[in-house]
Amino acid sequence: MTVTEQRPSGEVGRDRRRKEDARLITGRTSWTDNLSLPGMLHLAILRSPMAHARITGIDVTAARGAPGVVDVFTGPDIADLQGAMPCIWPVTEDTVLPVYPPLALDEVRHAGEPVAVVAARDRASALDALELIEVGYEPLPVVLDMEAALADGAPLVHEAAGTNRCYTWILDSAQAGTGGDVARAEAEAEVVVRRRFIQQRLIPAFMEPRSTVVDPTGDQITMWSSTQVPHVLRILLSLGTGMPEHKIRVIAPDVGGGFGGKLEVTPEEFIAFAAARRLHKPVKFTESRSEAMLSAHHGRDQVQDITVTARRDGTVTGMSAKLLANMGGYLGIIAPGIPILGAFMYGGIYKFPAYRFECTGVFTTTTKTDAYRGAGRPEATFALERIMDELAAELDMDPLELRRRNWIDSSEFPFTTAAGLTYDSGDYAAATARATELFGYDALRQEQAARRASGDPVQLGIGVSTYTEMCGLAPSRVLGQLRYAAGGWESAAVRVLPTGKVEVVTGTSPHGQGHETAWSQIVADQLGVGFDDVEVLHGDTRTSHKGLDTYGSRSLAVGGIALVNACQRVVEKALPVAAHLLEADPADLEFAEGAFRVKGAPGAATKTMADCAFAVFQSHDLPDGVESTLDADATYDPENFSYPHGTHLCAVEVDTETGMVKVRSYVAVDDVGRVINPLIVEGQVHGGVAQGIAQALFEEARYDEDGNLTTGTFVEYTIPSSADLPDIVTDRTETPAPGHPLGAKGVGEAGTIASTPAVVNAVVDALRPMGVTDVRMPCTPERVWSTIVAARAAGGEGR
Amino acid sequence: MIPAAFDYTKAASVEDAVTALAAAGDDGKVLAGGQSLLPMLRLRLAAPAMLVDLGGLAELRGVHDDGDALRIGAMTTHDEVMRDPLVHEHAPLIAQAAETVGDRQIRHLGTFGGSLAHADPAGDLPGVALALDAVMSVVGPSGVRDVPASDFFVDYFTTALGPGDVLVSVRVPKLTGWSTHYEKFHQLAQSWSVVGVAAAVRRSNGSIAEARVALTNMGVTPVRARGVEEALTGAPATADAVADAAARALEGASPLTDGTASAEYRTQLAPVLTRRAVMAAGGV
Ligand SMILES: Cc1cc2nc3c(=O)[nH]c(=O)nc-3n(C[C@H](O)[C@H](O)[C@H](O)COP(=O)(O)OP(=O)(O)OC[C@H]3O[C@@H](n4cnc5c(N)ncnc54)[C@H](O)[C@@H]3O)c2cc1C
């Protein structure tokens with residue numbers, strides 16, 4: 001028998017509207033906060049108003065007596081129940097792993113840290129009672145700036161650690177044997193360009209605030225949570241609290257967005273878990289938007305010192321990146337590893353012969369940071385693509401020409417980089433050619449020259465970003481080498497029901513991506529069933545006990561293969577059944593166009609998967625050794641990452657009188673391998689580009705000098721709406737991922753990774769004649785204007 | 001979040017509202033569209049004990065022709081204002097500014113009177129009311145009184161309204177033969193003005209006969225740019241003359257530094273935006 005390796009003619013590659021959207025958009029679904037259990041209590045959390053303080057006492061007497069209040073407790077009250085928050089990615093042997101109590105015990109290390117909890121019969125009573133709790137704080141010095149935190153004599157965030165340095169992680173191609181020595185490259189360089197870039201702190205701002213419901217029944221306990229990682233959560237709840245894993249069931253029902261912000265196991269989940277065990281009652285905690293802004297983990301927040309070396313002809317000879325990465329007051333579950341996910345990408349698509357990366361994680365008295373869409377890779381790509389533009393300016397070369405001279409040619413794949421990765425495939429020239437054509441690159445350059453010549457107060461800038469990224473997290477072997485505590489495989493199970501309908505159980509955990517639709521398309525083609533005949537089940541550890549959830553553009557690239565493998569096992573199991581029904585020899589059959597038939601006999605009788613399913617259901621006369629089920633499952637552990645790439649071009653108009661930046665046009669040509677559903681891919685690119693533009697122009701989490709978050713609502717933390725974003729022109733080239741049965745590479749983060757440098761490069765390009773060589777993100781009007789003023793004062797040409 | 005507990009009454013008449021407010025004293029607050037008040041309650045930045053809802057008072061809603069002026073009911077929503085034919089004909093500046101307020105949902109709930117009573121220095125309607133010499137009609141415990149816009153905006157989020165006072169309507173003189181423009185500067189479509197400029201210009205034979213200009217967010221209250229108006233009066237309707245006049249936009253202004261922008265940046269913006277507003281209004 002052969003399973004045809006066709007480019008399936010049916011569902012895959014089709015624009016399918018997402019089958020999950022009706023219930024997600026109307027909200028008539030199981031959002032965690034929609035759940036209400038009999039006798040359920042509502043929790044409210046009192047949070048520290050201080051960034052750093054010793055707790056001298058907490059008086060809960062008045063709150064206990066307030067109407068509707070059932071219980072009030074503090075950290076010490078639940079010390080033996082609450083466990084400790086885990087960090088599963090100590091990137092070095094000596095990574096400092098501070099004790100992280102879910103509810104503070106005696107000290108707080110960021111504004112917003114939980115200090116006391118009220119359980120009441122309704123949410124309003126719980127919130128009212130918070131105001132009656134008296135907490136004594138003895139202020140301790142705050143530490144906000146990373147360099148200050150590392151200075152001798154700096155106040156310590158964790159006294160017991162004796163340092164604010166969490167770790168220093170180094171990758172040096174000379175030492176690793178993957179490339180040359182950057183110091184030597186620098187000594188021999190004809191051109192050296194250095195820049196310091198600041199990756200401002202961002203707030204993931206998922207649409208649905210986090211919510212959790214915990215239901216203790218007998219010695220079992222069920223937690224519903226608005227999380228991206230139900231499987232990880234179950235394991236860590238067990239390891240963190242000592243409750244046996246098989247007694248815990250975790251359900252991520254429909255989840256309203258995450259962007260990495262829900263790739264976390266949170267103090268609030270641990271507190272609710274402890275509260276339910278303490279009170280023997282179901283409890284719910286739903287955060288307010290303000291709490292989400294203040295205390296859900298933040299993203300980015302790095303200082304990047306970048307050096308690139310080159311020859312005068314533009315050939316790059318070395319790249320060095322030295323980072324400080326802000327961890328915040330405690331470690332999120334994978335926080336130390338986030339910059340390390342970028343460590344391999346500072347060379348991008350270019351042939352750097354020498355490479356060095358060093359990152360120091362730093363504790364400060366701020367909200368912890370952790371994954372945020374792209375996680376380490378947007379930071380890397382930004383620094384690289386920004387400095388390539390600076391190098392082009394230094395060499396007086398068109399930025400696209402500089403890239404052309406250095407990128408890996410499509411004939412050179414697989415290509416092993418100085419960072420030690422082997423890129424599978426790509427065609428950078430093709431994507432760039434398509435992008436420049438859609439963009440009208442040459443005409444825009446002419447318009448730019450004309451505006452410069454006429455001294456137009458509105459200047460035009462053009463930004464380029466030719467990116468690649470690594471996705472499909474991740475080969476377990478590599479994760480092990482990087483000291484990550486879990487693997488990177490994924491699982492899928494396929495159940496064929498008696499009537500021929502199919503249930504798919506996936507270990508991925510969608511929270512807006514559209515897996516139900518894409519997985520249905522894959523299964524429809526693999527098993528020859530209808531798109532609507534497939535139901536995708538996810539996010540419940542009782543139905544799907546194996547899985548590693550959704551992040552890092554991994555679900556399709558890894559989970560998709562597990563699904564295909566499971567489907568192929570189903571086909572293999574159905575084969576003898578079909579042969580029996582067709583009274584043929586299994587060896588003479590093929591499974592093609594959705595049915596079994598005798599090879600080379602078109603028009604002959606066929607048997608469908610539904611026929612086989614009903615036959616095994618009846619099992620009245622199956623051949624010996626044939627099981628009474630077609631169900632099959634599979635896991636898949638990737639050999640390598642996958643490497644989508646693309647070219648994004650952005651044109652901005654900068655009003656030099658006000659500093660206002662307007663994105664005039666934006667072109668994104670992405671190569672994400674084979675596409676299962678173009679509509680979903682386009683949606684991911686649109687959303688990703690929007691988020692990347694937001695980092696470039698709009699968003700920044702800020703603290704005042706006392707460590708208070710001053711961007712705690714959407715009035716101050718300014719996320720753009722569609723009215724603030726350009727029309728995005730998207731197109732694709734398709735270089736299939738070799739060795740991947742679907743050829744798919746992953747698209748969840750590409751837009752975010754590519755777009756930020758494209759936009760900032762455009763802003764700087766517009767202002768370069770005035771002497772501007774960088775604009776700090778976000779490029780708000782005031783910041784752009786003050787950059788112009790400073791450049792003029794420093795003696796730029798000026799207009 | 002959830003607001004702290006409060007009492008609520010839905011007024012059956014303006015008198016009823018005044019009585020309820022007077023009884024509550026400093027603990028009472030009028031509830032109009034709730035678009036500024038409710039966020040403050042939800043963040044527990046304000047905790048009034050009594051809310052008096054004007055939402056049921058049809059007589060406070062709508063735009064009326066009063067001869068040489070329009071009378072706009074305080075409870076008329078931004079959306080109603082921006083679509084009203086009388087406003088378009090006689091006070092298009094108000095329609096243009098109302099259209100820049102927040103987003104669609106906010107414009108359907110937020111009210112013209114609420115915006116004026118709230119007196120947010122970043123709010124767009126107070127400056128417009130000032131530029132148009134609007135007159136507020138107020139009913140309070142001591143009866144009915146008229147307060148001109150120039151006396152109405154007293155301080156940061158503070159107006160001439162006292163406890164128990166209800167703003168019932170706003171009289172806006174019709175501008176015939178004038179053209180107007182509202183120049184709003186903000187980075188995001190649904191955010192408030194960093195700086196805004198309301199301009200009205202009457203031209204005659206290639207020059208500017210008369211002009212009225214008011215600035216949003218260039219002080220704790222909206223500021224009438226008298227220096228600019230003076231310089232424009234009789235000036236030729238040319239870009240240079242307008243730019244020269246706009247340079248006087250800072251006279252009388254005392255911009256604040258806040259989370260959105262520095263005073264220095266606002267100082268840069270005001271003359272630029274004034275020039276643009278006057279040029280757009282005057283068709284220069
Ligand atoms: C996200 C967002 C964006 C916004 N953007 C803008 C913007 O760009 N520009 C802008 O100008 N505004 C903006 N607003 C505010 C909006 O214009 C509000 O509608 C307005 O500020 C208040 O009107 P309201 O009817 O909602 O008043 P409410 O919120 O009900 O009341 C506001 C205050 O005025 C008092 N009050 C209201 N009506 C009366 C009355 N008749 N008599 C006496 N006192 C009264 C109340 O007691 C309260 O103190 C925005 C609001 C939001 C939420």
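Predicted model: local features only at pLDDT ≥ 70, side-chain atom pairs only at ≥ 80, totals over all residues.
**Notebook: ligand site in chain B, domains of chain A**

I counted a polar contact as a pair of N or O atoms within 3.5 Å. I then found a polar side-chain atom of B:Asp124 2.7 Å from a nitrogen atom of the ligand. A polar backbone atom of B:Gly102 is 3.2 Å from a ligand nitrogen atom.

I looked up the cover next: the protein takes up 92% of the 960 Å² of accessible area that the ligand has on its own (Shrake-Rupley method, 1.4 Å probe).

I listed the shell, with a heavy atom within 4 Å as the cut-off. It holds 32 residues, and B:Val30, B:Gly34, B:Ser36, B:Thr111 and B:Asp124 are the closest. By class I noted 13 nonpolar, 15 polar and 4 charged residues, with Gly placed among the polar ones. Helix 7 of chain B gives the largest share, 4 residues; helices are DSSP runs (H or I) of at least four residues.

I turned to chain A, which is divided into domain 1 (21-27 + 489-636) and domain 2 (424-470 + 642-799). Their centres, taken over C-alpha atoms, are 41 Å apart.

For the record, residues are numbered from 1 along each chain as written, chains are lettered from A and ligands numbered from 1 in written order. Local features need pLDDT of at least 70 and side-chain atom pairs 80 or more, while totals for chains, interfaces and linings use all residues; side-chain values use heavy atoms, without hydrogens and water.

How values were computed
Polar contact = N/O pair within 3.5 Å; in protein donor to acceptor, adjacent residues only side chain to side chain. Helix = DSSP H or I, 4+ residues; strand = E, 2+ residues; numbered from the N terminus. Domains from an automatic or database assignment.
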